[in-house]
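Here's a quick tour of a protein fold for anyone new to reading structures.

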Amino acid sequence: MEKRRFEKLGIDVSLLGFGCMRFPTGPDGKINRPLAEKMMEKAMENGVNYIDTAYPYHGGESELFVGEVLKKHPRDSFYLATKLPCWFVNEVSDVDKYFNEQLQKLRVDYVDFYLMHAMNRGSWEKMVKIGAVKRLEELKAEGKIRFLGFSFHDDYSAFEEILNYRDWDFCQIQLNYVDTEEQAGLRGYRLAEEKGVPLTIMEPIKGGSLANFSKDIMEVFEEARPGASAASFALRYVASMPNILTVLSGMSTMEQVEDNLKTFVNFVPMEEKEYQAIEKVKAIMNGRVQNGCTGCRYCMPCPFGVDIPGNFSVWNRYHVYQNYNIVKRQWEEMEMKNAQAGNCKECGKCEKACPQHLSIREDLKKVQADLEKKEMTL
């Protein structure tokens, strides 16, 4: 298993991290514990030593389950990461309340990597104001936290503000070859690299979106590296960056564990022809976009409740990935809210406001027709 060492931390961390947000589940929605434990054991036997969970994962069950599995292993054989649920923290005493609860659930005396979960500008300002950051620093000084960081979901300027606030041990951002300009993005990666702050990466496969493709895209990958999975390209894309501590993969099946191990045991950095293949794939995907909606929302609100940008976002992603499962949840949520394209009454108000001059009424008809077919499912 490829390991990364940063002198700032003084430890060797597996380049593949086990993300504990997408364990296999049974008919009752609960974690399939026998299978999930086999998956974790398989990964750890092959050198995975970074285990990432969080307070809300699997409805709070993830930390409990992870604690049960890791209790069977020597404490110095793994690095445990979990996160403070900042949305529940309204006063400084809440930091200790949730942290101590997590220690109990995880059956440990300390956490190796502790993150302020899902930081954005608003939640960050609250954490600073109530003294939560200072209290976390005190917990680190007490030896209950080894490395203090944050995970992030906002724009680059917010990331820059948070990263510059203190000397962080590490931080976690979303990054993949499609979302290089989203949230912190590559600019955030470069800033962290300049400041010597190692990164853990989430969503390298974009929630599974970059693991299943149509035949034409798979042919591009096959030509660049015969026999390699689409997921391996996504993982190696971020793992080949030098300032990456670990790449988190939320594995749901034993097959995914085995494929990821194949990628990271005897890890091979990306080659130029593979970067070129990714650019070809991105060009194919961009060519499938159905309209140029930018999500500016000048067309909103719709008098009839249609979420116009939301419908176009679903429509475009449905065609880009050619997979209904990618958009199923969002599409069905819009149906429950009576916000689907089919509720359009063709009043034309939206088109008068659209700076892109899109044929919104006609496109909404196409959205409804395409999504009702649900044909593109890999």
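The notes below look at one strand and its neighbours, then at a pair of helices. Keep in mind that this is a predicted model.

**Strand 3 and its side chains**
- Strand 3 covers residues 16–19, with L16 and F18 pointing one way and G17 and G19 pointing the other.
- Whichever way they point, these four residues are buried.

**Who strand 3 pairs with**
- One partner is strand 10 (residues 244–249), which runs parallel to strand 3 and is joined to it over three bridges.
- Looking at a single spot, G17 has L248 in strand 10 as its bridge partner.
- Strand 4 (residues 50–52) is also a parallel partner of strand 3, again over three bridges.
- Here G19 is the residue that sits opposite D52 of strand 4.
- To get from strand 3 to strand 4, the chain passes through helix 1 (residues 33–45), making a β-α-β crossover that is right-handed.

**Helix 6 against helix 7**
- Two packed helices are described by the angle between their axes and by how far apart those axes are.
- For helix 6 (residues 156–163) and helix 7 (residues 185–195), the axes come within 10 Å and cross at roughly 15°.
- Angles under 35 degrees count as roughly parallel, so helix 6 and helix 7 are roughly parallel to each other.
- Their crossing is right-handed.
- On the helix 6 side, the contacts come from Y156, F159, E160 and L163, and they meet R187, G188, L191, A192 and K195 of helix 7.

Definitions and conventions: Residues are numbered from 1 along each chain as its sequence is written. This is a predicted model: local features need pLDDT of at least 70, side-chain atom pairs count only at pLDDT 80 or more; totals for chains, interfaces and linings use all residues. Side-chain values use heavy atoms; hydrogens and water are left out. Buried means under 20% relative accessible area, exposed over 50%, partly exposed in between (1.4 Å probe, protein chains only). Helices (H or I, at least four residues) and strands (E, at least two) are DSSP runs, numbered from the N terminus. Two strands pair if DSSP finds at least two bridges between them. A crossover is right-handed if, with the strands pointing away from the viewer, the path from the first strand over the helix to the second runs clockwise. Axes are lines fitted to C-alpha atoms, for helices over the stretch in contact, and angles run from 0 to 180 degrees between N-to-C directions. Angles under 35 degrees count as roughly parallel, over 145 as roughly antiparallel, 65 to 115 as roughly perpendicular and the rest as oblique. A crossing is left-handed if the near helix is turned anticlockwise from the far one by less than a right angle, and right-handed if clockwise. Contact means heavy atoms within 4.5 Å.
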